[in-house]
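Open the model in your viewer and show it as a cartoon. The stops below go from a sheet to a pair of helices and then to a cavity.

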Amino acid sequence: MQDSRCTYGSPRVYKALKRQGLRVGRKRVERLMRQEGIRARAVKHYRRLAGLHRYFTRIENRRLDGPAPSGVDQQWVADLTYIKVGRKWRYLATVMDVYSRRIIGWSLGRQKNAKLTISALMKAIRRRSPSKGVIFHTDRGAEYCAYEVHDVLKKYGMVASMNRPYHSIDNAEMESFFKTLKGDVIRGTVYKSERQLKKDLRSYINYFYNTRKLHSSLGYVSPVEYERMSA
């Protein structure tokens with residue numbers, strides 16, 4: 001449990017023990033954890049309503065009826081969330097590769113705007129150097145509808161895709177990540193400085209979530225390991 005930062009429920013604990021070569025039944029793990037009052041960290045996720053821009057209602061959800069990605073750098077998703085520092089909000093923009101669920105770019109800022117979302121996107125582009133044709137999927141918030149964002153997409157040959165109006169589930173992968181992040185790290189932590197928050201985010205995203213956290217959707221391996229196995 002300590003290696004998982006006390007974030008794992010019984011399914012992941014069971015898988016982690018099997019990876020270590022320990023013979024144990026899943027039901028026994030559930031029973032022992034229940035007896036000891038051990039459970040996964042979790043948090044309720046409150047979702048903001050996406051703003052709509054008439055011009056960008058023409059952009060379709062290009063993921064909706066298409067095939068799932070068969071490799072990395074085919075479909076990226078992005079979104080923003082809110083985290084409190086003292087009495088003020090900070091905004092976290094992230095970009096995820098849908099295939100591996102790996103966070104490939106993120107940026108923390110004091111303002112919820114296109115500059116922040118572009119910062120996270122550019123970090124992902126510099127890290128991955130993708131070929132043209134990557135689908136970049138977001139909600140219809142003003143931070144992603146901005147012309148500056150779409151100028152960047154055009155420059156790098158990326159294809160814009162957006163949620164259907166009032167269908168936040170269209171970006172379920174990012175919704176799931178934010179819920180996991182807040183359950184694993186943010187809940188119960190009082191941040192007094194942006195520096196402290198950024199340090200925790202860097203440690204969690206770069207050195208735990210991407211490289212060590214077991215993902216049920218990936219067959220209980222980490223995003224980095226899944227990409228390595230698929231190479």
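In what order do the five strands of the open sheet lie? The order is β3-β2-β1-β4-β5, and the pairing is mixed. Strands here are DSSP runs (E, at least two residues) and helices are DSSP runs (H or I, at least four), both numbered from the N terminus; two strands pair if DSSP finds at least two bridges between them.

Before going on, note that this is a predicted model, in which local features need pLDDT of at least 70, side-chain atom pairs count only at pLDDT 80 or more, and totals for chains, interfaces and linings use all residues. Residues are numbered from 1 along each chain as its sequence is written, and side-chain values use heavy atoms, with hydrogens and water left out.

Next, select β1 (residues 75-85) and β2 (residues 88-97). They run antiparallel and are joined by ten bridges. V85 has K88 of β2 opposite.

**The helices**

Which residues of α6 and α7 meet? Show side chains for F177, T180, L181, D184, V185 and I186 in α6, and for L197, D200, L201, Y204, I205, F208 and Y209 in α7. Contact means heavy atoms within 4.5 Å. By class, ten residues of this contact are nonpolar, one is polar and two are charged. Ala, Val, Leu, Ile, Met, Phe, Trp, Tyr, Cys and Pro count as nonpolar, Asp, Glu, Lys and Arg as charged, and the others, Gly among them, as polar.

**The cavity**

Last, select F136, T138, Y144, H150, L153, A160, S161 and M162, which line the largest cavity. A cavity is a set of points on a 1 Å grid over the protein atoms alone where a 1.4 Å probe fits but cannot get out, and lining residues have an atom within 4 Å of a point. β4 (135-138), α5 (147-155) and β5 each give two or more residues to this lining, with the largest share, three residues, coming from β5. The lining has five nonpolar, three polar and no charged residues.

Key
On a 1 Å grid over the protein atoms alone, a cavity is a set of points where a 1.4 Å probe fits but cannot get out, and a pocket is an open set with protein on both sides within 12 Å along at least five of seven lines; lining residues have an atom within 4 Å of a point.
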